[in-house]
Amino acid sequence: YVLGLAYYKLGDMKSAVSAFEQATRLAPEDDDGFYALGLTLRQQKQYERAATALGRAAELNDQLPAVYITLGRIHDGTGQHNLALQEFQHALKLEPRSADALLGLAGVYESMGRVPDAEAVYKRAAALRPDYWGGYYELGVFYYRQGRYLDAANAFRRVLEITPDNAQAHSN
């Protein structure tokens, strides 16, 4: 498992997958190993294998919001929006103040064409952690996609208040 983390940090995803697979064989009851394997496989866009590993992590420990958030991202990215919605809602039951789960939920609403719901949840995620630039950045990107350029600019200005050297926000 530790070797897999080292490879992951170095960006060597192929070696990380091999190390995490070995870790899950050696410790088949370790939810962390399956979560790490699923996360790494998602990075490589091996969504079916990632979902299987994450499903095993959830079987071993159903109290890990990060597992459900990652599953939600996979399902949303593969067009399974209703399933993604369930995963993000489950993560929020486990951790009601999870900005990551809220941002994922907002993205699903947007994918489903539920624009008012998406906006409300993006705003809620940003307000939840007012010192975290990521929520405002995602809100700005949402507004940009909706053609609401003044609102987008205001959100990006908030990002710059929090992180003045943020190149992405300056660019946007």
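**Entry 1: α6 and α7**

I began with how α6 passes α7, and the crossing is left-handed (the near helix is turned anticlockwise from the far one by less than a right angle; clockwise would be right-handed). This is a predicted model, so I kept to its limits: local features need pLDDT of at least 70, side-chain atom pairs count only at pLDDT 80 or more, and totals for chains, interfaces and linings use all residues. Residues are numbered from 1 along each chain as its sequence is written, and side-chain values use heavy atoms, with hydrogens and water left out.

Helix α6 covers residues 81-94 and helix α7 covers residues 99-111; helices here are DSSP runs of H or I with at least four residues, numbered from the N terminus. I found their axes 9 Å apart, at an angle of about 155° (axes are lines fitted to C-alpha atoms, for helices over the stretch in contact, and angles run from 0 to 180 degrees between N-to-C directions). The two are therefore roughly antiparallel, a label for angles over 145 degrees, while those under 35 count as roughly parallel.

Next I listed who touches whom, with contact taken as heavy atoms within 4.5 Å. From α6 come His81, Ala84, Leu85, Phe88, Gln89, Ala91 and Leu92. From α7 come Ala101, Leu102, Gly104, Leu105, Val108, Tyr109 and Ser111. Sorted by class, the contact of α6 with α7 holds ten nonpolar, four polar and no charged residues (Ala, Val, Leu, Ile, Met, Phe, Trp, Tyr, Cys and Pro are nonpolar, Asp, Glu, Lys and Arg are charged, and the others, Gly among them, are polar).

**Entry 2: α7 on its own**

I checked the length of α7: its 13 residues reach 18 Å from first C-alpha to last, close to the 18 Å expected at 1.5 Å a residue (the expected span is 1.5 Å times one less than the number of residues). Eleven of the 13 residues are buried, so α7 is largely enclosed by the rest of the structure; buried means under 20% relative accessible area, exposed over 50%, and partly exposed in between, with a 1.4 Å probe and protein chains only. Among the buried ones I noted Ala99, Leu103, Ala106 and Glu110. The buried residues of α7 pack against α5, α6, α8 (115-128) and α9 (133-145). After α7 comes Gly113, with a positive phi near 80°.

Helix α5 runs over residues 65-77, and its 13 residues should span 18 Å at 1.5 Å a residue; the end C-alpha atoms are 18 Å apart, which agrees. This helix is mostly covered, with ten of its 13 residues buried, including Pro65, Tyr68, Ile74 and His75. I found the buried residues of α5 packing against α3 (31-43), α4 (47-60), α6 and α7. Gly79 follows α5, and its phi is positive, near 80°.

The axes of α5 and α7 come within 10 Å and cross at roughly 20°. That makes α5 roughly parallel to α7. The crossing of α5 past α7 is left-handed. Ile69, Arg73 and Asp76 in α5 meet Asp100, Ala101, Gly107, Val108 and Ser111 in α7. By class I get three nonpolar, two polar and three charged residues there.

**Entry 3: α3 and α4**

I turned to α3 and α4, whose axes are 8 Å apart at an angle of about 160°. The pair is therefore roughly antiparallel, and the crossing is left-handed. On the α3 side the contact includes Asp31, Phe34, Tyr35 and Arg42. On the α4 side, Tyr47, Arg49, Arg56 and Leu60 are among the residues involved. The classes come to eleven nonpolar, one polar and four charged residues.

I looked up Lys45 in the loop between α3 and α4. Most residues other than glycine have a negative phi. Lys45 has a positive phi of about 65° although it is not a glycine. At 60% relative accessibility, Lys45 counts as exposed.

Ser98 sits in the loop between α6 and α7 and, at 5% relative accessibility, counts as buried. Leaving aside neighbours within four places in sequence, I see Ser98 in contact with Ile69, Leu92 and Leu128.

Ala27 has 30% relative accessibility and so counts as partly exposed. I also took the separation of the C-alpha atoms of Ala27 and Tyr122: 38 Å, for residues 95 apart along the chain.

Notes. Parallel < 35°, antiparallel > 145°, perpendicular 65-115°, else oblique.
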